[in-house]
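Subject: Structure handover, with notes on cavities, pockets and salt bridges

Dear colleague,

Here is the structure I promised to pass on to you.

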Amino acid sequence: MTADRRVVITGMGIWSCLGTTLDAVRDSLYTGKSGIVLDPVRKQLGFRSGLTAALPIPELKAELPRSQRVYMPEPAQYAYCATRDALAQAGIDRDFIDRHEVGLLYGNDSTADAVYKSVAKIVEKKDTMLCGSGAIFQSMNSTVTMNLGVIFHLRGINLTVSGACASGSHAIGLGALLIQNGLQDIVVCGGAQEVNPAATGSFDGISAFSVREDAPERASRPFDRDRDGLVPGGGAATLVLESYESARRRGATILAEVLGYGFSSNGEHISSPNVDGPARSLEMAIRRSGVDIREIGYINAHATSTLVGDANEAKAIYRVFGDQRTEVTSTKSQTGHEMWMAGASEVIYSILMMKNGFIGGNINFEHPDEDSAKLLIPSQTIEKHFDTFLSNSFGFGGTNSTLVIRNA
């Protein structure tokens, strides 16, 4: 077994409420733009909170035949666009894919809207045949990897990573492990999340969402004392991971390097996070990266704008970093919680900031609480050069993932 090969990132693509190109997303991060709106449809349906991220549904008729589009639910459409752009940036075309084994690991933990529509049609029409031939493929959790694997003719590993809100991050970490151990040279990694009422109704039902509807752009406020819940978001983010040797052999532009992947399970409450699990994930990622914590110039926090989650993450970060004054922000203040996508999109957000010498402010952070007061959390964009960052992603069931990434 070949171990410890260097893992680099050679392509990125994103479909986000902050933009659908890397340049647009970079500008949104810099200016502190919020992608959160009030959706009247959710209020009509009886939602406690009508807040959501807003992003366009891709128009794919000119790119894909109906025979492919019929199998693609909303998250697969987002993921297609993000993957198309990531492969293009990496310089990987159909000819290369046909001659090489390219893998696929993508985070996705539900496809609620497709399931809802299929069941509703059966109940209404009393005829399962009316679901249509694409219904089963749209409704499976593995729909994203099924569709991407077929559309892009990927012939390496093909696997959906289902790890709640850490899914996208785990996909990157697992892809890095496969490459480090010589099992794949290139793996397309990412995460996707649908943005529709069916996907988030159950969250609303447990009062997980902010109800600050009078000012949607101010509703998502990670680490702020007056936070009252998260705001749902989504889209898709794709990164092309590659062995350093493969990237050099192809003459690809190397964007960044994955230095460390840490993971843990809390082993306690199904929805309420603790401090020990996240702290162990951070410690493992830093240990495996081989960097001194003083080299880490930015921490992209998982912080979703919930009372307990933000507080316990702040405690975990402080336990690991102590009085080391490293800037911490949660880009969810701008995007809301992108759920299964978040672990991948937040790596892209962090790389864009690292490449452009700034840290986007943790918008809406006005009053620290006892735990966030111990961290260095800028509320506005600051100019800063940094070459290494850490990104946290935690999920229901106590699953934790942490990545340490360095500039190329």
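Please keep in mind that this is a predicted model, and that the count of cavities of 30 Å³ or more comes to two.

The largest cavity holds about 60 Å³ of space, and the residues around it are I299, I317, F321, G322, Q324, R325, T326, V328, K374, L375 and L376. By class, this lining is made up of six nonpolar, three polar and two charged residues.

The second largest cavity holds about 50 Å³ and is lined by A176, L177, Q180, V258, L259, G260, Y261 and R288. Helix 9 (167–180) and strand 8 (256–265) each give at least two residues to this lining, with strand 8 providing the largest share, four residues. Five of the lining residues are nonpolar, two are polar and one is charged.

Turning to the open spaces, the largest pocket contains about 620 Å³. It is lined by 34 residues, of which S271, P273, T304, T306 and F396 are the closest to its centre. Helix 13 (307–321), strand 13 (388–395) and strand 14 (399–407) each contribute at least two residues to the lining of the largest pocket, and the largest share, six residues, belongs to helix 13. In this lining there are 13 nonpolar, 18 polar and three charged residues.

The second largest pocket has about 380 Å³ of space, and among its 18 lining residues P73, D113, A114, K117 and Q138 are the closest to the centre. At least two residues each come from helix 4 (74–90), helix 6 (112–125) and helix 7 (135–139), while helix 6 supplies the largest share of this lining, five residues. The lining of the second largest pocket divides into seven nonpolar, six polar and five charged residues.

On the surface, V115, V119 and V123 make up a nonpolar patch, with about 230 Å² of accessible area together. V123, which lies in helix 6, has a relative accessible area of 51% and therefore counts as exposed, the cut-off being over 50%.

As for the charged residues, side chains of opposite charge can pair when their charged atoms come close, and a search of the whole structure finds 25 salt bridges. One of them joins the side chains of E213 and K43, at 3.1 Å from N to O. Because E213 sits in the loop between helix 10 (197–205) and strand 7 (235–243) and K43 in helix 2 (residues 40–44), this pair ties together parts that are 170 residues apart in sequence. E213 is partly exposed at 22% relative accessible area, and K43 is partly exposed at 35%.

A salt bridge also forms between the side chains of K125 and E124, at 3.7 Å from N to O; here K125 is partly exposed, at 44% relative accessibility, whereas E124 is exposed, at 58%.

In the salt bridge between E257 and R406, the N to O distance is 3.2 Å, and the pair links distant parts of the chain, with E257 in strand 8 and R406 in strand 14, 149 residues apart. E257 is buried, at 8% relative accessibility, while R406 is partly exposed, at 32%.

With best wishes

Note on methods: Residues are numbered from 1 along each chain as its sequence is written. This is a predicted model: local features need pLDDT of at least 70, side-chain atom pairs count only at pLDDT 80 or more; totals for chains, interfaces and linings use all residues. Side-chain values use heavy atoms; hydrogens and water are left out. On a 1 Å grid over the protein atoms alone, a cavity is a set of points where a 1.4 Å probe fits but cannot get out, and a pocket is an open set with protein on both sides within 12 Å along at least five of seven lines; lining residues have an atom within 4 Å of a point. Grid points are joined across faces, edges and corners, and a volume is the space filled by probe spheres set on the points. Ala, Val, Leu, Ile, Met, Phe, Trp, Tyr, Cys and Pro count as nonpolar, Asp, Glu, Lys and Arg as charged, and the others, Gly among them, as polar. Patches are made of residues with over 30% relative accessible area and no salt bridge: like charges are joined within 9 Å, nonpolar side chains (Val, Leu, Ile, Met, Phe, Trp, Tyr) within 5 Å. Accessible areas come from the Shrake-Rupley method with a 1.4 Å probe; for residues, only the protein chains shown count as cover. A salt bridge is a side-chain nitrogen of Lys or Arg within 4 Å of a carboxyl oxygen of Asp or Glu. Buried means under 20% relative accessible area, exposed over 50%, partly exposed in between (1.4 Å probe, protein chains only).
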